Every structure is written in C-alpha cells, then in structure tokens.
Amino acid sequence: MTRFDLPKYPGEGPDTSVGVDPALSADRPMIDPFGRRVEYLRVSVTDKCNLRCVYCMPLDGLPWLKREQILTYEEITEIVRVMAGIGLKRVRITGGEPLVRRDLPDLVKMLAAIPGIDDLSLSTNAVLLDEQAEALKDAGIHRMNVSLDSLREERVDAIARRPGSFPRIMAGLDAAERAGFDPIKVNVVLIRGQNDDEIEDFARITRDRPWHVRFIEMMPTGGNLDVSAEQFVSCDEALARIEAIEALEPVTGPFGNGPARYFRFPEAAGTIGVITPMSHNYCDRCNRMRLTADGQLRPCLFGEVQTNLRDPLRAGEELLPHVARTLRIKPERHHLVKGSAAGSGGLVALSQTGG
Ligand code: SAM
Ligand code: SF4
C-alpha cells in the first residue's frame, strides 16, 4: 500500500492561476465559488497513531511521513495566521492521533495567540488524554471530541486493535470532564456486528451525562473497503432504534455543530447527533478546509485536489495566493460510493488528512 501522493493539479498543465486574488482580504473573507464561507480549518499534526481502528488505519500502519516532511509548529502557526487574516475563525487539531506529537500544548498556545482565531478544539482517541487534559485546557483548547466506538473493553480492543486502551480512554474522558471541557463530543463510528447493538446504550448515556454522542456513518477509503462495504450502518437506522426507546426532539446542538444534526431525549443532560456523509450529503453547508501534517491544504476531505503550502512557505513565498487558489477549486461535493474507493481520491485512510 502506498501513501497517496497526488499531483497538485490533476489533469492540468502547470497552474497559472496562482497569483494575487483581488477578492481575498481581511474585508473580503474566504467564500468559495459555490457561495460557502470557509472559516474552519482542521489541522493534522501527525499521520501517526497509537491505535489501529478497523475502519481507519491498516494494522501494520502506513508508510509514515519523514520528520522533515512534517510541518513544524511555527510553520502551522504561520499558515493559520495567514488564513486568519482572510476570515479563518476556528481551528481543530487532529491527526493521526494528535496527542502522540510531543509538546502539543505549545502549539495550542501559539494558535491561541493569533488574532481572529476564537475557537480551538481537539479530536483525540483519548488514550493519552489523562496526562494532558489539564495542560491542553490551560493552553487554550476550548472543546474536545473523543472517539469511542464501544462501551465494552473487549470490543474496543477488537475495533481499535491495541489491547489495553479502554481503561486509558475512560480515564482520559474523566480527566477531560475534570479539566472542565464542555461540551465533550463522543464520536461513534457505526460498525455492523461490532457496535451496532450498543446504539441504545450510547443514547441512554446522554440522559445523565452531558455528553454529545455523535453517530458517524463509515466512509470508504482505499484501506477499508471490505469493512465499509460489509459493515456499514446508516444513521437513519440508528435514529429509528433510539426512537423506539423514547421519542427524540430535534435540537440545535452544541456550538461548532458542523455537519451533525442533533436530537435529545426530553430533559436529557446531553444530546445525540448524527453525521451522515453517505446517506444524506451535507456538502452544501461545508465551511472547512484541511491542512495535512505535511502541509497540503485540502479543500475537501475526499477528491484529488490539494495545494502544497509547505514548499512555498519554506521558500519564503507569499502564501495568500496559494490559499486563494485552493478556495477557488473547492469541489461542490464529495462523490463517495459505498464499497468503492473511486470517490476517495486515492485516500487510503482518514488518518492521512485528519478526518
Ligand atoms: N485519532 C483521532 C480520533 O480518532 O479522534 C483524530 C483523527 S480521526 C482520523 C478523526 C475522526 O475520523 C474520528 O472520529 C474517527 O472515528 C473518524 N474516522 C476515521 N476513519 C473514518 C471512516 N472511514 N469513516 C468515518 N469516520 C472515520
Ligand atoms: Fe487512530 Fe483516530 Fe484513525 Fe483510530 S480513527 S486509527 S484513533 S487516527
């Protein structure tokens, strides 16, 4: 298996459109050709991970990026600073597993100091969160998403394929609550035969715990076609099963609700969200871009379009024209098809782009 390595401008000759874009400035923020305003960047700080979730990363891992290919914290900060000047407001740190990268709170502090960035969040598998939650909060992380695909230890072992992780994940979640993270969103990727019989259990938790449990439909990538085709569960099915317990009411959901639609049991402490990339496309509301660990700016999670920001940055070039160009080529929608890698644009695992 090879790491996806895409031409910058597939099917085209040299790009001549990199130049000054008169439309982008502090007063004319990032709006793509389909009228979508981009104010959210997901920043992957590493392609490595301490878990091997069956739908995400092959058991043997991937051909990892070399250290010199990976953006330094200073380089990430510079890219975010440039984008904050044209309307970027929110940054989510992700990976791979972001907490395996050393001194992550240092990056958080650097990003928190950028004028215009008013929301910093983190996506983590929580294995290392127990020891880092407080430092991350102090550094400036406002909101936390934790991936947890089962409430049963032996199943987490089977899904995440790193036995012994479950107690550490639970300790991480407790530490996040103690540190005062609110909201805490718990992401559950639905997997037929491995956790679909826990949909009701996850939903019931929200009655007492202020968690926002979000069920996610599995997306196909080059590395998970068997799992994503054979073990796919739709969020419509999940909602129907939860409604069989008690009727749900639609709610707005916590801040930063992105593509999720939210519901709640009457009087519940938390909410239930669904993220439906396969069954109900939400690309028309897309407000984001992604920065990979090696400095590719991706206007869509899937597809073959990305712009190398790292090399121009290291060459001392202005970044704004490259960002502007990436905005201009943001695709209208993804073209994922269940059981096929065709729409994923060469992506082997979501860990390569931050999910
Ligand atoms: N390691 C961190 C974590 O697991 O939260 C951050 C990176 S992970 C790639 C980000 C999110 O993508 C997680 O919620 C994970 O469950 C989700 N994810 C990974 N592969 C997926 C897939 N094929 N379909 C749907 N969600 C996926
Ligand atoms: Fe690692 Fe997150 Fe992918 Fe699981 S989903 S393998 S924790 S990057």
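**Close-ups of a predicted model**

**View 1. The whole protein chain.** Of its 355 residues, 57% are buried (under 20% relative accessible area with a 1.4 Å probe, protein chains only). This is a predicted model, so local features need pLDDT of at least 70 and side-chain atom pairs count only at pLDDT 80 or more, while totals for chains, interfaces and linings use all residues. Residues are numbered from 1 along each chain as its sequence is written, chains are lettered from A and ligands numbered from 1 in the order in which they are written, and side-chain values use heavy atoms, leaving out hydrogens and water. The protein chain has 10 helices and 12 strands (DSSP runs, H or I of at least four residues for helices and E of at least two for strands, numbered from the N terminus).

**View 2. Around ligand 2.** Which residues surround ligand 2? They are C49, L51, C53, C56, M57, G96, N125 and S351, each with a heavy atom within 4 Å. Sorted by class, that's five nonpolar, three polar and no charged residues (nonpolar: Ala, Val, Leu, Ile, Met, Phe, Trp, Tyr, Cys and Pro; charged: Asp, Glu, Lys and Arg; polar: the others, Gly among them).

View 3. Helix α4 spans residues 153–160, with R155, V156, I159 and A160 buried. These residues sit on the same side of α4, because their arc around the axis is only 115° (taken from the directions from the helix axis to the C-beta atoms). The buried residues of α4 pack against α5 (165–178), where contact means heavy atoms within 4.5 Å.

Terms used. Buried < 20%, exposed > 50% of the residue type's maximum accessible area, 1.4 Å probe, protein only.
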